[in-house]
Amino acid sequence: MGALPQPIPNLPGWRRLALADVGSTNTEALRLAAGGDPGNLWVTADRQLQGKGRNGRTWISEAGNLYASLLLIDPATRTALANLPLVAALAVYETLKPYFAKTPYALAIKWPNDILVDRQKINGILLESAGLSDGHLAVVIGCGINCVHHPDNPLYPATDLAACGVSVDPVTLFDQLSDAFAKHLSLWNRGAGFHIIRERWLMAAGGIGRQVTVNNGDFSITGMFEEIDHDGYLCLKLDDGSRQKISAGDLFFDREEK
């Protein structure tokens, strides 16, 4: 018999399925949703054999890092789901923040949901969704945090906690991550509390007031990063004074490789 989900201590209503090797924690979570799992379920793994990043990129997933995917069923309206990546980013940021208390300015969120340490990426977040046969919507938030190793040649420079002088094992880090997600999803309140998330996200964000470029495959646009609006869109002020709202893409600070 395979592993079964277990209650998470001190988090009533939340469960965890802890696996050794798995193709992808996101894929496993979606498979469980299709089989009728009610959600509020974390799927973790020691190693992913087919880890996934945004836009079909491979996510390096060797043992020693944290790999965790959270399954939610109908977590909000379709409109409110657009700002769920920002909720996830803030939860990961708050998980890591205590480890950088002596250097608070080193840690920042890069829109929409990358966490940077001295402008080097230390995590990956991938949201996926699928309609279920009973009409409900399964949403999975995949979170990878680099504990002891990181990719050598990613699209964006990367680092890991050990390289930053932080020693923490994935089990301990998961306990803190699951607490942070429960807290921030409660604050978000299915979208009704996004104003709280937005305010805290902006306080943690890197690059506000700076020139940035956003690529999303269909276009590349450069402007000054003004804010995220009340719907979660990135707002750029262009050279001609106009304002552009962007819902998705890869953000690069000025003078970085595009």
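How many of the 258 residues of the protein chain count as buried? The share is 51%, where buried means under 20% relative accessible area, exposed means over 50%, and partly exposed lies in between (1.4 Å probe, protein chains only). This is a predicted model: local features need pLDDT of at least 70, side-chain atom pairs count only at pLDDT 80 or more, and totals for chains, interfaces and linings use all residues. Residues are numbered from 1 along each chain as its sequence is written, and side-chain values use heavy atoms, with hydrogens and water left out.

**Overall build**

- The protein chain holds four helices and 14 strands. Both are DSSP runs numbered from the N terminus: helices are H or I with at least four residues, strands are E with at least two.
- The protein chain has a radius of gyration of 18 Å, close to the 18 Å of the globule rule for 258 residues, so it is as compact as a globular protein of that length. The radius is taken over C-alpha atoms, and the rule is 2.2 Å times the number of residues to the power 0.38.
- Along its principal axes, the C-alpha trace spans about 60 × 45 × 30 Å.
- Among contacts between residues at least 6 apart in sequence, 62% join residues at least 24 apart. Contact means heavy atoms within 4.5 Å.

**The six-stranded sheet**

- An open sheet of six strands runs in the order β1-β2-β3-β4-β9-β8, with mixed pairing. Two strands pair if DSSP finds at least two bridges between them.
- At the edges stand β1 (6-7) and β8 (123-131); each has a single partner strand, so one side of each is left without a neighbour in the sheet.

**Strand β3 and its partners**

- β3 (residues 41-48) is mostly covered, with six of its eight residues buried.
- β2 (residues 15-22) and β3 run parallel and are joined by seven bridges. Leu17 stands opposite Val43, and Leu19 has Ala45 as its bridge partner.
- From β2 the chain passes through helix α1 (residues 25-34) to β3, a right-handed β-α-β crossover. Right-handed means that, with the strands pointing away from the viewer, the path from the first strand over the helix to the second runs clockwise.
- β3 pairs with β4 (residues 66-73) in the antiparallel sense over five bridges. Ala45 is partnered by Tyr67, and Trp42 stands opposite Leu70.

**Strand β4**

- Seven of the eight residues of β4 are buried, so it is largely enclosed by the rest of the structure.
- β4 also pairs with β9 (residues 137-145), antiparallel over eight bridges. Here Leu72 stands opposite Val139.

**Helix α4**

- In α4 (residues 194-204), the buried residues are Phe194, Ile197, Arg198, Trp201 and Ala204.
- They cover an arc of only 130° around the axis, which puts them on the same side of α4. The arc is that of the directions from the helix axis to the C-beta atoms.
- Glu199 and Met203 are exposed on the other side of α4.
- The cover over the buried residues of α4 includes α2 (84-96), β5 (107-110), α3 (170-188) and β11 (220-228).
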